[in-house]
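Here is a brief report on one protein chain.

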Amino acid sequence: MNIIVCIKQVPDTTEVKINPKTGTLIRDGVKSIINPDDKSGLETALRIKEEIGANITVISMGPKQAELALREALAMGADRAILLSDKKFAGADTLATSSTIAGAIKKLDYDIIITGRQAIDGDTAQVGVQMAEHLNIPSISYVEDLNICEDSIILKRMFEDRYYKVKVKTPCLITTLKEINEPRYMKIKRIYECFDESKLEMWTLDDIDVDESNIGLSGSPTKVKKSFTKGAKTAGVKHEATPKEAASIILDKLKEKYII
């Protein structure tokens, strides 16, 4: 079985800052991580590999620094890593990003494509399902559990108040929730091996199957005019209270707003 896992390198959410003039994320000096939903997707692929055998290829699109995320994936147990990096990919919205990654996947053999539900820096949850459309294969989102059954997969698809059990034939694409599993730590031996250059490939536009008009800024129908941090609506109310009294006040407010 061939499994492709798409991962994204994102800023650590506790340190995200926005340039007030340009409206863009400030990435310099900010710790980067593998997007949590994607990392759980990779762990899902690794468990399938251990159970029935599989070859796992991880793909990411971004600047050269994103290779660190791919090397971490190799150290966790992936077999091959591909970084899609080209100045022509820059400025892509979700549609152009999905076109680019799907263009790379068209050059590969696959039975299952796994992506995280959404990236924590954009929260769009669109790239995975858009890739399935480009590849003309079925997609199932919000997956929290799965079992491989010959040429099919039985999936547990979560909703807010229920779940569906879905059976889908391969090839297919699934987007996984972070709750599907707990990603493993990297193995010491594989940390050393992940710097084997033969396992990490750098692909540009010349290596993928996509029309140049569908990628990058020119292929993006969505334009972000401004990004900003949402400010507080009111000054708030201060309470002088013991920890127990403070907890009670917080609970009352949450109930008042029907949050709990």
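Thr-94 belongs to helix 3, which covers residues 94-105. The model is predicted. Thr-94 has a relative accessible area of 16%. That is under the 20% cut-off, so Thr-94 counts as buried.

Its side chain makes polar contacts. One joins the side chains of Thr-94 and Gln-126 at 2.8 Å. Another links the side chain of Thr-94 to that of Gln-130 at 3.5 Å. Leaving aside residues up to four places away in sequence, Thr-94 touches Thr-124, Gln-126, Val-127 and Gln-130.

**Aromatic rings**

The structure has one aromatic pair. Phe-159 and Tyr-164 form the pair, with ring centres 4.7 Å apart. Their planes meet at 55 degrees, so the pair is tilted. Phe-159 is partly exposed, at a relative accessible area of 31%. Tyr-164 is partly exposed too, at 42%.

The charged end of Lys-156 sits over the ring of Tyr-163, at 4.4 Å from the ring centre.

**Cysteines**

How many disulfides are there? The count is zero. Cys-6 is in no disulfide; its nearest cysteine sulfur belongs to Cys-172, 13 Å away. For Cys-172, the closest cysteine sulfur is in Cys-149. That sulfur is 13 Å from the sulfur of Cys-172, which is too far for a bond. A disulfide would need the two sulfur atoms within 2.5 Å. Cys-6 is buried, with 8% relative accessibility. Cys-172 is buried as well, at 0%.

The accessibility values for the residues discussed above are collected here.

| Residue | Relative accessibility | Class |
|---|---|---|
| Thr-94 | 16% | buried |
| Phe-159 | 31% | partly exposed |
| Tyr-164 | 42% | partly exposed |
| Cys-6 | 8% | buried |
| Cys-172 | 0% | buried |

**The whole chain**

The protein chain contains six helices and eleven strands. Its C-alpha atoms fill a box of roughly 60 × 45 × 40 Å along the principal axes. Of the 260 residues in the protein chain, 38% are buried. The protein chain exposes about 15,700 Å², and carbon and sulfur atoms supply 51% of that area.

What share of the contacts with a separation of 6 or more comes from residues 24 or more positions apart? In the protein chain, such residues account for 72% of these contacts.

Conventions. Residues numbered from 1 in each chain as written. Predicted model: local features only at pLDDT ≥ 70, side-chain atom pairs only at ≥ 80, totals over all residues. Heavy atoms only, no water. Helix = DSSP H or I, 4+ residues; strand = E, 2+ residues; numbered from the N terminus. Buried < 20%, exposed > 50% of the residue type's maximum accessible area, 1.4 Å probe, protein only. Polar contact = N/O pair within 3.5 Å; in protein donor to acceptor, adjacent residues only side chain to side chain. Contact = heavy atoms within 4.5 Å. Phe/Tyr/Trp six-rings, centres within 6.5 Å; stacked < 30°, edge-to-face > 60°. Lys NZ or Arg CZ within 6 Å of the ring centre and 35° of its normal. Areas by Shrake-Rupley, 256 points an atom, 1.4 Å probe, with all protein chains shown as cover.
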